[in-house]
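Please keep the sequence and the model in view while reading.

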Amino acid sequence: SSRRSGIWMEDLRTPIMTTKYHNSYLTDGCWSTTRPGVFFTTKMDGALDIWDYFYKQNDPTLSLQVCDVGLHSMRVQELGKLVA
């Protein structure tokens with residue numbers, strides 16, 4: 001677990017992008033199946049953050065408080081319309 005996520009390239013020793021530090025631990029993350037540069041992260045406080053690297057790098061494009069307990073896993077539907 002970490003309090004920030006990063007995007008890495010195999011050839012570099014440092015991330016090319018990192019999210020801001022979060023008060024709550026990050027528990028999972030995955031890429032959008034339909035939009036390059038979009039990824040999702042879940043946190044121990046029950047929040048789901050949606051990041052669009054091409055639109056905004058420093059903050060989530062959208063943050064949803066899904067529940068009051070930690071979200072431990074997530075998946076995006078192949079067509080990109082649903083997140084579970």
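Is K43 buried or exposed? K43 is buried, with a relative accessible area of 10%; here buried means under 20% relative accessible area, exposed over 50%, and partly exposed in between, with a 1.4 Å probe and protein chains only. The model is a predicted one, in which local features need pLDDT of at least 70 and side-chain atom pairs count only at pLDDT 80 or more, whereas totals for chains, interfaces and linings use all residues. Residues are numbered from 1 along each chain as its sequence is written, and side-chain values use heavy atoms, with hydrogens and water left out.

K43 lies in strand β4; helices (H or I, at least four residues) and strands (E, at least two) are DSSP runs, numbered from the N terminus. Leaving out residues up to four places away in sequence, K43 touches H22, S24, Y25, L26, T27, D49, G70 and L71, where contact means heavy atoms within 4.5 Å. The strand around K43 is mostly covered, since 6 of the 6 residues of β4 are buried. In a regular strand the side chains alternate between the two faces of the sheet. In β4, V38, F40 and T42 are on one side and F39, T41 and K43 on the other, and all are buried.

The partners of β4 come next. β3 and β4 pair in the antiparallel sense over 5 bridges; two strands pair if DSSP finds at least two bridges between them. Within this pairing, T41 of β4 is the bridge partner of G29. The two strands form a hairpin with 6 residues between them, and G37 in the turn has a positive phi of about 85 degrees. P36 lies in the loop between β3 and β4, and P36 counts as exposed at 65% relative accessibility. P36 and Y53 are 17 residues apart in sequence, and their C-alpha atoms are 8.7 Å apart in space.

β4 also pairs with β5, in the antiparallel sense and over 5 bridges.

How many of the residues of strand β5 are buried? In β5 (residues 47-52), 6 of the 6 residues are buried, so this strand is largely enclosed by the rest of the structure. A47, D49 and W51 point one way, L48, I50 and D52 the other way, and all are buried. β5 pairs in turn with strand β6 (residues 62-65), in the antiparallel sense over 4 bridges. There, Q65 of β6 is the bridge partner of A47.

Which residues make up the largest nonpolar core? This core has 8 residues, namely C30, V38, F40, L48, I50, L71, M74 and V76; a nonpolar core is a set of buried Ala, Val, Leu, Ile, Met, Phe, Trp, Tyr and Cys residues joined through side-chain atoms within 4.5 Å. β4 and β5 are the elements that give two or more residues to it. Among its members, V38 is in contact with W31, S32, I50, W51 and D52, its neighbours within four places in sequence being left aside.

The largest pocket can now be located. Its lining consists of S5, G6, I7, L26, T27, D28, G29, C30, W31, F39, F40 and T41. On a 1 Å grid over the protein atoms alone, a pocket is an open set of points where a 1.4 Å probe fits, with protein on both sides within 12 Å along at least five of seven lines, and lining residues have an atom within 4 Å of a point. About 170 Å³ of space lies in this pocket; grid points are joined across faces, edges and corners, and a volume is the space filled by probe spheres set on the points. β1 (6-7), β3 (26-31) and β4 (38-43) each supply at least two residues of the lining, and β3 gives the most, with 6 residues.

Finally, I16 is found in the loop between β1 and β2 (17-18). I16 is partly exposed, with a relative accessible area of 43%. Apart from neighbours within four places in sequence, I16 is in contact with I7, M9 and Y53.
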